[in-house]
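This briefing covers a helix pair, a residue in a strand, and the confidence of the model. Please view the sequence and the structure first.

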Amino acid sequence: MTIFHIFDSRSPDLSNSVPSLEPETQMDPSEMPSNLIGRNRPENPFSLFKQWLEEAAQKPVPQLDAMVLATVGPGGKPSARVVLFKGILEEKILFFTNYRSRKAQELAANPFAAVVFYWEPLQRQIRIEGKVEKVPPQKSDVYFASRPRGSQIAAWASKQSAPIASRTILEKRFHAFQQKFSGQPVPRPPCWGGYWLIPDYFEFWVAREHRLHERLAYRKNENGWDICWLQP
Ligand SMILES: Cc1cc2nc3c(=O)[nH]c(=O)nc-3n(C[C@H](O)[C@H](O)[C@H](O)COP(=O)(O)O)c2cc1C
């Protein structure tokens, strides 16, 4: 199987790499084939996001709730990792992590981030970009209390992203916190909690024949969302 394609060796033209969305003027949704997402697209991308989540939940999508979170580190260098999508709250995308982790340090210095979902059985991708904020502590408390006890203890034991000399040290820390909280509820560590991404850009992608994939983009404006199709 050929995985890598040979790229044109000329320098790429990046002038269009960040699409500025012109409100649609030429494409008439009613002229589009009915199976295209653009045909019946809602004005609010959260509606489409929720609809796609529900459709994905009907299919055997492995780890439907896994999303790649990209942040920006020192010197403008990107870094990315998978985190679990924990829902939509007040039109914000929720996830939980350690507030001293690498991603947290990067978000403290630059709060802009992007997340990506890919659901292979549906041949769909969703890209979401925006600004990240910490969620109010009470919301983190509620979610932390719902986690399995082992995960709660692990949140105390792991200084996420910090190097550690051995696995044994980590396991000893886990057992020490197990004993410390024995017979009582595990409180949320102050360095662990939620973030929400406040989107200003969504892109919905569906694989189509001949790689003429469909891409529907939403960019936030003062009153709502500009919508346009992007070439595949
Ligand atoms: C399927 C999957 C789900 C994950 N979910 C989370 C999560 O919800 N929160 C989290 O902090 N790390 C999660 N991780 C681990 C992260 O990918 C990453 O290793 C960790 O957050 C440290 O990243 P950082 O050093 O860039 O901060 C998950 C990993 C995988 C593979």
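**Helix packing and a buried tryptophan**

Helix H4 (residues 149-157) packs against helix H5 (residues 167-180) at an angle of about 120°, and their axes lie 9 Å apart. This is a predicted model, in which local features need pLDDT of at least 70 and side-chain atom pairs count only at pLDDT 80 or more, while totals for chains, interfaces and linings use all residues. Residues are numbered from 1 along each chain as its sequence is written.

**H4 and H5**
- Helices (H or I, at least four residues) and strands (E, at least two) are DSSP runs, numbered from the N terminus.
- Axes are lines fitted to C-alpha atoms, for helices over the stretch in contact, and angles run from 0 to 180 degrees between N-to-C directions.
- H4 and H5 are therefore oblique to each other, a class left over once angles under 35 degrees (roughly parallel), over 145 (roughly antiparallel) and 65 to 115 (roughly perpendicular) are set aside.
- Ile153, Ala154, Trp156 and Ala157 of H4 meet Leu170, Arg173, Phe174, Phe177 and Gln178 of H5, a contact being C-beta atoms, placed from the backbone, within 7 Å.

**Trp192**
- Trp192 belongs to strand E7 (residues 192-206), and Trp192 is buried because 22 other C-beta atoms lie within 10 Å, the cut-offs being 20 or more for buried, 12 or fewer for exposed, and partly exposed in between.
- Not counting residues up to four places away in sequence, Trp192 touches Asn98, Tyr99, Phe144 and Ala155.

**Confidence**
- The mean pLDDT (the predictor's confidence in each residue, from 0 to 100) of the protein chain is 89.

Technical notes: Two residues are in contact if their C-beta atoms, placed from the backbone, lie within 7 Å.
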